[in-house]
Amino acid sequence: MQVDIKTTDIHPVRQTFAHVARRLGADKPASRYQEATLDMQPTTNWHYRPLWDAEHHVFDVRRSSIVMADWYTFKDPRHFYYGVYTMARAKQQEGVDKQFEFAEKRNLLGALDDATRDTLTRVLVPLRHYEWGGNMNNTYCCAYGYGTAVTQACSYAAMDRLGIAQQLSRIGLLLDGSQGSSLDAGKIAWLSDPAWQGVRRVMENLFVTKDWFELFVAQNLVFDGLLYPLVFRHYVDAASPRTGNALAMLTEFINDWYAESARWVDATVKTAAEESPANAARLAEWVGMWRDEVLRALGPLAALALGEQGTAALADVRAEFDARVARLRLAA
C-alpha cells in the first residue's frame, strides 16, 4: 500500500489589517508589534469632551507643546506589545523570585550588622515611594499622551515601577525578618529625613506638570537618568560587599530594567528632537531645567548614601548623563 501525501500552499487574502496596510502597503506582512500599535488610538469618533477640560478632546495633540507630523513615527526598540511584554516580565520575575528565595533561605540580609542595615533602610527602602511616583507619572503620560506608539509603552513602564517598588519592599522585609519595621522607617525617611526632601519635592512638582511630554522627559530621562546610576550602581557597588554581594544580586533586575528602559526613552526623545528644530530646542530646555533641579535634590542623598565619596559620584553621574544627552543631539 502506497500513501501519497500532497501539500497545498494557502495564500492569505490579505497580509494584515486594513489600517496597517494603509501605512505599510497591502502586500507587506506586518509584525505583531505593528498590528498592535499602528493607528490603534481613536482619531475620529468621540464620545464627548471631558467636562473637567472642555478645551481638549480625550485624545488631543495640544496637550503637549511637542509637535509631530505623525505621532506613529515613534517606535519602541523592544517591540513591546501586551503579549511580548507580559511573557518577558513573567520570565524575568521567575529569576527574581529565585534570587529572593535564596536570600531568604540563607538569611543573607537578616544577619547584617546594625550599621549596614541602617544605611540600607535609610537609602534603599525609601525608593519604594520614588517608584510609586514613577508609576503615577508614567500613568499620566499614558492617559494624556497621544498615539499608541508612546502610550502603550508608558503603561508598561508604569507597571514596571510598581514591580520595582515591590522588590524594594521585599528587600526591606528581608532586613527586618518580615516584621515591616524597615518599611515604616523608610516611609518616615521619605517624609522627614532632610536627605530625601529634595527628591520628594521634585517628585511632587512632577505630579503637577501638565505637559505630558515634558513629564516623560523629566521622569524617564532626567530623574531616572541621574538617580538610578547614583543609587543602583555607585551606592550598591559600595554597600554590596558588606552584604556578601547579596544586595547586588537582589537589585540585578532593577539595573537590567533601567538599561532596557533607557533604550526606549532615548529612542522616543531622539525621534521627537529630529522632527523639528523647535522640538529639539524645547526638549533641550526641559532637560537642562530638570537636570539642574534634580542634581540639587540628589546632593544630600548622595552624601547620605556615599559619605565623602558622594560629591565625586554625583559628578560622575552628571558627566555620563551629559554624554547621553549629547548623543541625543540635545544641547542641554
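Visitor: By class, what residues does the lining of the largest pocket have?
Guide: Five nonpolar, five polar and two charged ones. Arg89 and Asp160 are in the lining, and they count as charged because Asp, Glu, Lys and Arg do; Ala, Val, Leu, Ile, Met, Phe, Trp, Tyr, Cys and Pro are nonpolar, and the others, Gly among them, polar. This is a predicted model, where local features need pLDDT of at least 70 and side-chain atom pairs 80 or more, while totals for chains, interfaces and linings use all residues. Residues are numbered from 1 along each chain, and side-chain values use heavy atoms, without hydrogens and water.

Visitor: Which helix gives the largest share of that lining?
Guide: H3, with six residues. Helices here are DSSP runs (H or I, at least four residues), numbered from the N terminus.

Visitor: What makes glutamate 260 and arginine 89 a salt bridge?
Guide: Their closest N and O atoms are 2.6 Å apart, so they pass the test: a side-chain nitrogen of Lys or Arg within 4 Å of a carboxyl oxygen of Asp or Glu. Glutamate 260 sits in helix H11 and arginine 89 in helix H3, 171 residues apart.

Visitor: Are those two buried or exposed?
Guide: Both glutamate 260 and arginine 89 are buried, which means under 20% relative accessible area (1.4 Å probe, protein chains only).

Visitor: Why does the pair of arginine 324 and aspartate 266 tie separate parts together?
Guide: Because arginine 324 lies in H13 and aspartate 266 in H11, parts 58 residues apart in sequence. Their side chains meet at 2.8 Å, N to O, and both are buried. Elsewhere, shared partners join Asp76, Arg78, Arg89, Asp160 and Glu260 into one salt-bridge network.

Technical notes. 1 Å grid on protein atoms, 1.4 Å probe; cavity = no way out; pocket = protein on both sides within 12 Å on 5 of 7 lines; lining within 4 Å. Helix = DSSP H or I, 4+ residues; strand = E, 2+ residues; numbered from the N terminus. Buried < 20%, exposed > 50% of the residue type's maximum accessible area, 1.4 Å probe, protein only.
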